[in-house]
Amino acid sequence: MMPEPSSAALEQGLAQDVIDRAAGLVPGGAVQGVRQGRQKVARATQQSYELFFDPSGTGISCRERLLIAFYACQLSRADGLAQHYRDQVPDDAALCGRLEADVPDASVSPRLAAMLVFTQTLICRPAEGDREAIRALRHAGLEDPDIVTLAQLIAFLSYQIRMVVGLRALQATESK
């Protein structure tokens, strides 16, 4: 069993929490307090983020994962999270601009294009994330473990987006 982190470690973790920052939570505010009241969940969510975007990950590159995350947030109109992910890929500003306009073009690899199409499918029309969608990913060169990782990443992003939206709504009611 892991030891509980010290209060200083918890405070440092709170300061680095992506969801808290993207939701614009006030440090020490009531909404942040409610969210952090479930330390185990808040920590697990942040750790999941760190695992998905670990540069040493294999299969789907960290750059590809960040671009997919940016696109998923853009499609979901989750501006705070989209900006967070865009900031992580400064060398891809032109591509991010095209993704903002929802026009991925031929400048991306067939592999990335297929992953972006799959992302759009799962975010906008999840019922169409079927065998044919998976076949398109395989045709673009993705192996089964990469397809599973991609689907898990998109599911995590959907969760992250919903958390931010819910926390922003709570924060808006707190300020009234």
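**Notebook: helix packing and ring pairs**

I started with helix α9 (residues 131-139) and α10, which pack at an angle of about 125° with their axes 10 Å apart. Axes here are lines fitted to C-alpha atoms, for helices over the stretch in contact, and angles run from 0 to 180 degrees between N-to-C directions. Helices (H or I, at least four residues) and strands (E, at least two) are DSSP runs, numbered from the N terminus.

Ground rules, before I go on. This is a predicted model, where local features need pLDDT of at least 70 and side-chain atom pairs count only at pLDDT 80 or more, while totals for chains, interfaces and linings use all residues. Residues are numbered from 1 along each chain as its sequence is written, and side-chain values use heavy atoms, with hydrogens and water left out.

Back to the pair: I noted α9 and α10 as oblique to each other (under 35 degrees is roughly parallel, over 145 roughly antiparallel, 65 to 115 roughly perpendicular, the rest oblique). Ile134, Leu137 and Arg138 of α9 touch Asp144, Ile147 and Leu150 of α10, contact meaning heavy atoms within 4.5 Å. I sorted the residues of this contact into four nonpolar, no polar and two charged (Ala, Val, Leu, Ile, Met, Phe, Trp, Tyr, Cys and Pro are nonpolar; Asp, Glu, Lys and Arg charged; the others, Gly among them, polar).

Next, the rings. My search of the whole structure gave five aromatic pairs. One of them is Tyr49 with Phe53, tilted, at 5.2 Å centre to centre and 45° between the planes. Rings of Phe, Tyr and Trp (its six-membered ring) pair if their centres lie within 6.5 Å; planes under 30 degrees apart are stacked, over 60 edge-to-face, the rest tilted. Tyr49 and Phe53 are both buried (under 20% relative accessible area; exposed is over 50%, partly exposed in between, with a 1.4 Å probe and protein chains only). Ring pairs also link Tyr85 into a cluster with Tyr49 and Phe53.

I then looked at Phe156 and Tyr159, a tilted pair at 6.4 Å centre to centre, 45° between the planes. Both lie in α10 (residues 144-174), three residues apart, about one turn of the helix. Phe156 is buried at 8% relative accessible area, whereas Tyr159 is partly exposed at 32%.

Last, the whole chain. I find ten helices and zero strands. Buried residues make up 39% of the 176 residues.
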